[in-house]
Amino acid sequence: MKLGVLVSGRGSNLQALIDAIESGKLPCSISIVISDREKAYALERCKRHNVPYAVIKRKDFSSQEAFEEEMIKALGDVDLVVLAGFMRILSAHFISAFPMKIINIHPSLTPAFWGKSAQKQALEYGSKITGCTVHFVTEELDRGPVIVQACVPVLPDDTEETLSERILAYEHRILPQAVRWICEGRVKVNGRNVVVESAMYGTLPVNPQLEVF
Ligand code: GRF
């Protein structure tokens, strides 16, 4: 399977995919990484690992549609588009070019705290558990059908940084895992309901605050 990965910044999730591929745990290749920012650190990772990349900036195009067309052209015949910290909202035009072939990693347990600064939203809300989600991309921002989620506790002295770091460690696990399931043809989508064939569904790994029961 050929992946196209869209990034805007640091690229630690891209790195998790590269590491999984290089270590033989992910049976696919990255055909192209597209960044909408030329200074994205993700591009340094591409150079270091010989991953093809392109910089496509919104401001170089007169419309969102023209910008997206350029990305669609650059993605070519990829089998899956992975949004790994891509900070732009994609329109129906782009989404329909890859029907149920775009996935996103989001740092909350969706549908809670979609949109920007999800970790800050969880802290401000006073949630005791949050986490991250890999989902299919639909026109509903950050709320497409869920493939996999991981949860982490929110601790009383957490800052946005400490909470983000705790969540990120799980992002780096569930994103390659979801891509691997898709590569293996085990992901079945029925409306909003996604089932991963033969995956382990079971008990929650964390239950903070439960001292007795
Ligand atoms: C991650 O927290 C991801 O969930 C969010 O943007 C961040 C990107 O981080 N969508 P990185 O660029 O992969 O390091």
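**Where the ligand sits**

The ligand takes up the space of the largest pocket (an open set of points on a 1 Å grid over the protein atoms alone, where a 1.4 Å probe fits, with protein on both sides within 12 Å along at least five of seven lines). This is a predicted model, where local features need pLDDT of at least 70, side-chain atom pairs count only at pLDDT 80 or more, and totals for chains, interfaces and linings use all residues. Residues are numbered from 1 along each chain as its sequence is written, and side-chain values use heavy atoms, with hydrogens and water left out.

So who is around the ligand? The shell (residues with a heavy atom within 4 Å) includes Arg10, Gly85, His106 and Glu171. Sorted by type, the shell has 2 nonpolar, 5 polar and 2 charged residues, with Gly counted among the polar ones. Domain 1 (1-99) and domain 2 (104-213) each give at least three residues to the shell; these bounds come from an automatic or database domain assignment.

Now for the polar contacts (pairs of N or O atoms within 3.5 Å). A ligand oxygen lies 2.5 Å from a polar side-chain atom of serine 12, and a ligand oxygen is 2.9 Å from a polar backbone atom of asparagine 13. A ligand nitrogen sits 3.1 Å from a polar backbone atom of isoleucine 105. The protein covers 86% of the 370 Å² of accessible area that the ligand has on its own (Shrake-Rupley method, 1.4 Å probe).

Terms used:
A polar contact is a pair of N or O atoms within 3.5 Å; within protein, one must be able to donate a hydrogen and the other to accept it, and residues adjacent in sequence count only if both atoms are side-chain atoms. On a 1 Å grid over the protein atoms alone, a cavity is a set of points where a 1.4 Å probe fits but cannot get out, and a pocket is an open set with protein on both sides within 12 Å along at least five of seven lines; lining residues have an atom within 4 Å of a point. A molecule sits in a cavity or pocket if more than half of its atoms lie within 2 Å of its grid points.
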